[in-house]
Amino acid sequence: MFALSDEMKNYHKSFLPSTFADSDHDQERLLYSYQNVISGFSARLTEKEIEAMKQKDGFISAHQERVLHPLTTHTPSFLGLHQETGFWKQSNFGKGVIIGVLDTGIFPSHPSFSSEGMPPPPAKWKGKLPLQVDLSVGVLGNAYGTAVGMAPQAHLAIYKVCFGPDCPESDILAGFDAAVEDGVDVLSISIGQESVPFFQDNAAVASFAAIQKRIFVSCAAGNSGPFTETMSNEAPWILTVGASNIDRSIRATAKLGNGETFDGESVFQPKEFPSTLMPLVYTGSNGKQDSAFCANGSLAGIDVKGKIVMCDRGGGIARLDKGRVVKNAGGAGMILANLESDGFSTSADAHVLPATHVSYAAGLKIKAYINSTNSPMAGLLFKGTIIGDPLAPAVASFSSRGPSLASPGILKPDIIGPGVNILAAWPFALDSNANTKLTFNIESGTSMSCPHLSGIAALLKSSHPDWSPAAIKSAIMTSADLMNLKGAAIVDETLQPADVLSTGAGHVNPSKANYPGLIYDIEPDDYIPYLCGLGYTDEQVGIIAHRSVHCTAKIPEAQLNYPTFSVALGPYQTFTRTVTNVGEPYSSYAVKVVAPQGVSITVKPNQLYFTKVNQKLSYSVTFSSSNKKMNNTFAQGYLEWASKKYNVRSVISIKFV
């Protein structure tokens, strides 16, 4: 899979120390030799050997390997994708598109990757393909439905680059290199690291090589929310995907002795569990934090046998591990309560004992009840799968937030999509008594939302094969939804309106993305003056661009032809954007501006007139401070180009300086 030309491999070997000229030993030290996504190799070298290598002609840079980490039955319907009509049918279900997935790998024998009913791969394909198939499925009796990918007729190419929790850079680059060589159309990468400059970020460098070959790249935003400046995968040529919930919950309700009830979630819902109340205990009442978090060994000396045990989320302890601690101590069930940072974001986990995961607000009320009586009681009521949460989609608490550290002038994340309580293929059965090969689990994370957007990009690639990666990205972003099912603003884990640092352009709307009207296109070379404008040296830009670069032209970050605006506002700034007509030949658009508070915005011209498809027109936007005094350092709004048929929205993020 990773075969290379002997000439390239021998060139890379020439950089290894001459004292290790033996070919067998060289092979052990030379881990990978790359030819598609970077010009370089990975090898085991001492610092002294690296210093000697720096003296050789052709050397550019070297750094120590970093280790990165890995960051559905109902979501197609939730996203408006239906078998007989609409976008799925218009895009031929993604037929002929190949999605490369860099992740922890798969079990090829899993029914989700059967070739049954799938067309043969495109003639361009050079590798081996697991495929996709629709199944009827569920998890522990919940979330029943047909499990199907976003692009059911697209092919999958899986590259295992993670081993347990670790994803070494050398293996990630090898996966990139093989995927490009094999001929994928879309790359889906649910792996991340802390922010570094793009020229030091091998995923960003490899992704740039991919988009140069017109391969679309979708990456997870990271799971370090709700805290700001926690983004992974920030490069503007990457679609950076945050996570939101869907309108499905797998409800488990805590009922207290005073009659109060609090809805939570759990996918494990045993039918034989008694509905009668039993003693309730909060293990954190002793003032010990380990006990509050139900850490391993922390319940010794606490009488929890036959009781419902309340545990706090967090403390560096996995949610399922807390349940194991409670079960091993003899607890009958568990109420898992959020910390304040997670607010109302809950997860439907496959717990090892009867349990419910409730919000921070619910947890406070349950603790108040426990403190109000000498004999607190509680029960767990399991209500199964519930569809129709009007507040969906809501931003998940764990979804990483902007602004971008690597490039504050580019708004990140780009988009949010389904990433909470997603039904996913699993290597083994969760129910040891189940006689089935249909093994699935419920998982959450931006590692779940990223593949959704990768599949949607595959549909767009199938529907519009001539569109560039930037055009597909623009279509997804400018057509995104800002409202939830209730018709109100999308909320975050606090149930307050989410800001653009958490939603980006909004929540993906696949059907609208297929007909965006206008797109903001960017060619690979357009990123060069942007990278130079970041203050990178010629050599540093050259690492990203894969060629020699001289920074003769520089532009501010916000001048890149991006579908959103992120502006550090001084007295005033003017930026230019160019849109391409992909709608009707004869069409006109008028601009609508919802200005951020404390900001005046002028758009010239305020109308655009097109006479043909693929015609390009430019406009300028001037941002200036209004006379209104602002107490906040941040504001947001949007501008929208509207025709009789289309609404093309660009969200705006303002930082007052």
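Predicted model: local features only at pLDDT ≥ 70, side-chain atom pairs only at ≥ 80, totals over all residues.
Local features are given where pLDDT is at least 70, side-chain atom pairs count only at pLDDT 80 or more, and totals for chains, interfaces and linings use all residues. Residues are numbered from 1 along each chain as its sequence is written, and side-chain values use heavy atoms, with hydrogens and water left out.

The disulfides come first. A disulfide is a pair of cysteine sulfur atoms within 2.5 Å, and a search of the whole structure finds 3 of them. Cys162 is joined to Cys167, with 2.1 Å from S to S. The torsion about this S-S bond is about 105 degrees, so the disulfide of Cys162 and Cys167 is right-handed. Cys162 is buried, at 1% relative accessibility; here buried means under 20% relative accessible area, exposed means over 50%, and partly exposed lies in between (1.4 Å probe, protein chains only).

A further disulfide connects Cys294 and Cys311, with an S to S distance of 2.0 Å. This pair links distant parts of the chain, 17 residues apart: Cys294 lies in the loop between α8 (289-292) and β16, and Cys311 in strand β16. Helices (H or I, at least four residues) and strands (E, at least two) are DSSP runs, numbered from the N terminus. The link of Cys294 and Cys311 is left-handed, with -85 degrees about the S-S bond.

Cys532 and Cys551 also form a disulfide, and both residues are buried. In sequence order, the bonded cysteines of the chain pair as 1-2, 3-4, 5-6. Cys219, by contrast, is in no disulfide, and its nearest cysteine sulfur, that of Cys450, is 6.0 Å away.

The salt bridges form the second topic. A salt bridge is a side-chain nitrogen of Lys or Arg within 4 Å of a carboxyl oxygen of Asp or Glu, and the structure holds 16 of them. In one of these, the side chains of Arg313 and Asp342 meet at 3.7 Å, N to O. Arg313 lies in the loop between β16 (308-312) and α9 (319-328), and Asp342 in the loop between β17 (333-337) and β18 (355-358), so the pair ties together parts that are 29 residues apart in sequence. Arg313 is buried, with a relative accessible area of 10%, and Asp342 is buried at 12%.

Asp481 and Lys512 form another salt bridge, at 3.6 Å from N to O. Here Asp481 is partly exposed at 21% relative accessibility, and Lys512 is partly exposed at 45%.
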